[in-house]
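Subject: Structure handover, with notes on what was found

Dear colleague,

Please find below the structure that I am handing over to you, followed by my notes on what came out of it.

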Amino acid sequence: MVTLVLLVSACGSGGGGTSGGSSSLSASAYRAHLKTIAKESNTAQHAVEKGFRASSVPQLVTVLTAFGTAEKRIGDEVAALNPPTNAEVANTELAKGQQDTASEIQALLPKIRKMPSAQAAIAYLSKKSTTKGGHEIDQALAKLKQLGYIKSVS
């Protein structure tokens, strides 16, 4: 796999959902929301990883656009949660990381669209270092794991 996985590697165990009221979710309800969103995030990540088999730039752009859209939606879902008090900081950072990842992908698309081939675009993406959004997600997931809200960081 190519290094855009650096853009998305931290996203495999994201979290989110929506809460109905203004009171904090219980720890078990929060864990359940995180588990549901982790599945959505994994699905989006696997799709973008398969996108590295794209044979054309438009195919790659379509895959990246869909991934960015999914990351934005997941970030919004996480932001809408009302987590237990001890998870508030990590939840905010996770939401911001997902949303920043979406923005970072959007910022890459104009350059990707101008690439002469999918292979050139993938090579360009493979040279990108860890992103701000990816770092935020990594930090948030590590904290959520430490707090016992998720089992693993993948």
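This is a predicted model: local features need pLDDT of at least 70, side-chain atom pairs count only at pLDDT 80 or more; totals for chains, interfaces and linings use all residues.

I begin with glutamate 104, where the backbone nitrogen of glycine 133 lies 3.1 Å from a polar atom of the glutamate side chain, a polar contact being a pair of N or O atoms within 3.5 Å, of which, within protein, one must be able to donate a hydrogen and the other to accept it, while residues adjacent in sequence count only if both atoms are side-chain atoms.

Residues are numbered from 1 along each chain as its sequence is written, and side-chain values use heavy atoms, with hydrogens and water left out.

As for the overall architecture, the chain has 6 helices and 0 strands, helices (H or I, at least four residues) and strands (E, at least two) being DSSP runs numbered from the N terminus. Of the 154 residues in the chain, 47% are buried, where buried means under 20% relative accessible area, exposed over 50%, and partly exposed in between, with a 1.4 Å probe and protein chains only.

To return to glutamate 104, this residue lies in helix 4 and is buried yet has no salt bridge, the nearest side chain of opposite charge being that of lysine 132, 6.6 Å away.

Lysine 132 does have a salt bridge with aspartate 100, the closest N and O atoms being 3.9 Å apart. This pair links distant parts of the chain, with aspartate 100 in helix 4 (residues 88–113) and lysine 132 in helix 6 (residues 132–147), 32 residues apart. Salt bridges that share partners join Lys96, Asp100, Lys132 and Glu136 into one network. Aspartate 100 is itself buried, at a relative accessible area of 16%.

By this rule the count comes to 6 salt bridges. One of them is formed by arginine 73 and glutamate 40, whose closest N and O atoms are 2.5 Å apart; arginine 73 lies in helix 3 (residues 57–80) and glutamate 40 in helix 2 (residues 27–50), so the pair ties together parts that are 33 residues apart in sequence. Both partners are partly exposed, arginine 73 with a relative accessible area of 37% and glutamate 40 with one of 25%. Arginine 73 also meets the side chain of glutamate 77 in a salt bridge (2.9 Å, N to O), and these two residues both lie in helix 3, 4 residues apart, about one turn of the helix. Glutamate 77 is buried, with a relative accessible area of 16%.

Helix 3 holds two further residues that I looked at. Glutamine 59 lies in this helix and is partly exposed at 40% relative accessibility; its side chain reaches the backbone nitrogen of serine 56 at 3.2 Å, and its C-alpha atom is 8.2 Å from that of alanine 118, although the two are 59 residues apart in sequence. Phenylalanine 67, also in helix 3, is buried with a relative accessible area of 2%, and its C-alpha atom is separated by 7.7 Å from that of alanine 47, 20 residues away along the chain.

Serine 23, in the loop between helix 1 (4–8) and helix 2, counts as exposed at 54% relative accessibility. The C-alpha atoms of serine 23 and asparagine 82, 59 residues apart along the chain, are separated by 6.9 Å.

Notes. A salt bridge is a side-chain nitrogen of Lys or Arg within 4 Å of a carboxyl oxygen of Asp or Glu. Lys and Arg count as positive and Asp and Glu as negative; His and the chain ends are not counted.
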